[in-house]
Amino acid sequence: MTRRTLAGVTISALVVALLPGAAATAATTPLYRDARQPVEKRVTDLLGRMTLADKIGQMTQAERGAVAADPSLITQWRLGSVLSGGGSVPTPNTPQAWVAMVNEFQRAALATPLGIPMIYGVDAVHGHGNVYGATIFPHNVGLGATRDPRLVERVYRATAAEVRATGIPWDFAPCVCVSRDERWGRAYESFGEDPGLVVRMRTAVDGLQRGGVLPTVKHYAGDGDTEYGTGSGDFTIDQGVTVTSRADFERIDLAPYRDLHGVYTVMPSFSSVDWTEDGVGNPTKMHASRELITGTLKGRFGFAGFVISDWEGIHQLPDATVPAGEPRPTAKQVRDGVNAGTDMFMEPNTAARFEELLTAEVTAGRVPMSRIDDAVRRILRVKFQIGLFEHPYASTADLGQVGSAAHRALARQAVAASQVLLKNRGDVLPLRRNAKLYVAGRNADDIGNQAGGWTIDWQGRSGDAIPGTTILEGIRQVAPRATVTYSKDASAPIGKDDVGVVVVGETPYAEGFGDVGGPVCSWCTEPQHEPKSLSLQPGDRAVIDRVCAAAAECVVLIVSGRPQLITDQLPEIDALVASWLPGSEGAGVADVLFGRRAFTGKLPVTWPRSADQVPINIGDKTYKPLYPYGYGLRTRH
Ligand code: GLC
């Protein structure tokens, strides 16, 4: 501070002398509140002022639903964080209401003795999916097909702008899962099967960062590499066991976690790891792996941020001392989860229980205070680093970012770049703008199906779920001079000179409810009740047969989170496109169908010839897929 003297008295001293209150304030403002101080000093100062209740509160995250009716619980429990799970939204579900909700929760957090701000987290995994009116981008499998890290960075930066505009500073994304088995219900959350591709797409982290939102890389590690049949509960593969050697785990599953620059939070996986060299049959849950969380992630990789558990992740930890029906988490699960190295615990509806149990474990000396202090130090460090103490409240200044025209244009560009052209007999694509088209299939005019899971609802929903353009609407926009007949089930007459465009594929799902052979989501909308399969549903197959038999040419688009077996119908199909889950801007599909943009996409995952080949990945000794990883035809535009 520069000081000028006035009659021998420094001006600053004079000011202090004239304003006695200033002296008192300067002296009593705690160091941790001084933004000019180094972060580590602020952390140490605040840590030294915290009670055990303050510290354990910072390690606890509750779900919106548990505190919305009585936000004073945030004060009472001294919560470090609150989240919205998939589909957990304020009423009305508007950007304004999100800002108001987050600020109401923040007021409660700042009413605690030390006034430590809470941090609000949400899953914005393909745009701000929870918020009605947000731009919904292609899911990661489609972004992997673009092979364009710069585009991915822009997509996640736009996502961050929309998340931030609703008052939220933290996104549980990107999933840096390496998806090795298409039967996994979360395959579409992965950028692909090749760890090198996933590493290249970590620009998603940069995009969130630059957009002012804290990213979370997840799920550490091996979430996409579990063995079919080992799934947790009714799931067939999700949350299962990664049976592998440490060498392969390092090469495939840990690859996306080696470069942690800009990474402030990591989320462990529900899955387990079972080392082949130690004799298979002794899996360790990732949430209990001290070797991998403390030893590898924090030790060997030098991770200095904090680890946030997955949703009730410690409730799945083994505890033979407590019968299965007893309340979770148990004391042992809390102890094992904390001692393994996780720092904050996503306890949506059991926050108070978690805090009581952890307090008892610390008091009993079964969780060392050094572990608590390490966890809280990490959490506070991040909160100081992102300026949360200086700017705890959200503003409504940027609400126009949500669903903006610029973001929708970017999403449309990403959709076009994600389309993979697998077959194009007779160069039937691109279509003429004045073509006579017969459009059919259940995914031609269903924006909910083209968006997929994590859209408005956790599991997504079929039908008119969000604003945007369906693929059919895109066709009509891009080719207004075309003659378009639309018949969802192809029951309308088909002209022999028509060009058929058949859009089939999957209905939305998320997590284990998307596992092939997994449980059916009973509370979802129709027709999501259908069992998940790598084969197209019978109704889809029938529409393809009907249109391709009668039309002059037929183009089939598969809107799905993963490859679908099409081998036996391939001969009747002239052109085949993998559309993945495009999101709200279906016009991007029409852009490549009519040549406004060229097809440039490449397969991010292997397209199997038959179910018995799965899992099948690039690098396998026997590798005879229908279409190999990286395959994709180009067109001129
Ligand atoms: C879910 C998912 C995780 C998500 C979390 C919060 O179960 O596993 O990816 O971030 O819960 O919604």
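UniProt, in an unreviewed entry, gives residues 420–633 the feature "domain: Glycoside hydrolase family 3 C-terminal"; UniProt positions are stated in the numbering used here, feature names are shortened, and annotations may be inferred rather than shown by experiment. The model is predicted: local features need pLDDT of at least 70, side-chain atom pairs count only at pLDDT 80 or more, and totals for chains, interfaces and linings use all residues. Residues are numbered from 1 along each chain as its sequence is written, and side-chain values use heavy atoms, with hydrogens and water left out.

**Whole chain**

- The protein chain contains 21 helices and 19 strands.
- A compact globule of 637 residues would have a radius of gyration near 26 Å, and the 26 Å of the protein chain agrees with this; the radius is taken over C-alpha atoms, and the globule rule is 2.2 Å times the number of residues to the power 0.38.
- Along the principal axes, the C-alpha atoms of the protein chain fill a box of roughly 95 × 65 × 40 Å.
- Of the 637 residues in the protein chain, 61% are buried; buried means under 20% relative accessible area, exposed means over 50%, and partly exposed lies in between (1.4 Å probe, protein chains only).
- Among contacts in the protein chain with a separation of 6 or more, 75% are between residues 24 or more positions apart, a contact being heavy atoms within 4.5 Å.
- The protein chain has an accessible surface of about 22700 Å², with 54% of it belonging to carbon and sulfur atoms; areas come from the Shrake-Rupley method with a 1.4 Å probe, and for residues only the protein chains shown count as cover.
- The 65 positive and 69 negative charges of the protein chain have mean positions 7 Å apart. Lys and Arg count as positive and Asp and Glu as negative, while His and the chain ends are not counted; each charge is placed at NZ of Lys, CZ of Arg, CG of Asp or CD of Glu.

**N-terminal domain record**

- The unreviewed UniProt entry places "domain: Glycoside hydrolase family 3 N-terminal" at residues 51–382.
- Residues 51–382 are 38% helix and 12% strand, and the end C-alpha atoms of this span are 20 Å apart.

**G142 and W580**

- G142 lies in helix α8, residues 140–146, and counts as buried because its relative accessibility is 1%.
- Not counting residues up to four places away in sequence, G142 touches S418 and W580.
- G142 and S560 are 418 residues apart along the chain, yet their C-alpha atoms are separated by 9.9 Å.
- W580 sits in the loop between β19 (575–578) and α21 (587–593).
- W580 is buried, with a relative accessible area of 1%, and has a positive phi of about 60° although it is not a glycine.

**Q450 and T470**

- Q450 belongs to helix α18 and is buried, its relative accessible area being 0%.
- Beyond its neighbours within four places in sequence, Q450 is in contact with T469, T470, I471, V559, L581, P582, G583, S584, E585 and G586.
- T470 is placed in the loop between α18 (447–451) and α19 (471–478), and counts as buried at 5% relative accessibility.
- With neighbours within four places in sequence left aside, the contacts of T470 are A444, D445, D446, I447, Q450, G586 and A587.

**Backbone details**

- A173 and P174 are joined by a cis peptide bond with omega about 5°; P174 is in the loop between β6 (170–171) and α10 (195–200).
- R328 and P329 are also joined by a cis peptide bond, with omega about -5°; P329 is in the loop between β12 (306–307) and α14 (331–340).
- E511, a residue other than glycine, has a positive phi near 50°.
- E511 is in the loop between β17 (499–505) and α20 (538–550), and its 11% relative accessibility makes it count as buried.

Definitions and conventions. Helices (H or I, at least four residues) and strands (E, at least two) are DSSP runs, numbered from the N terminus.
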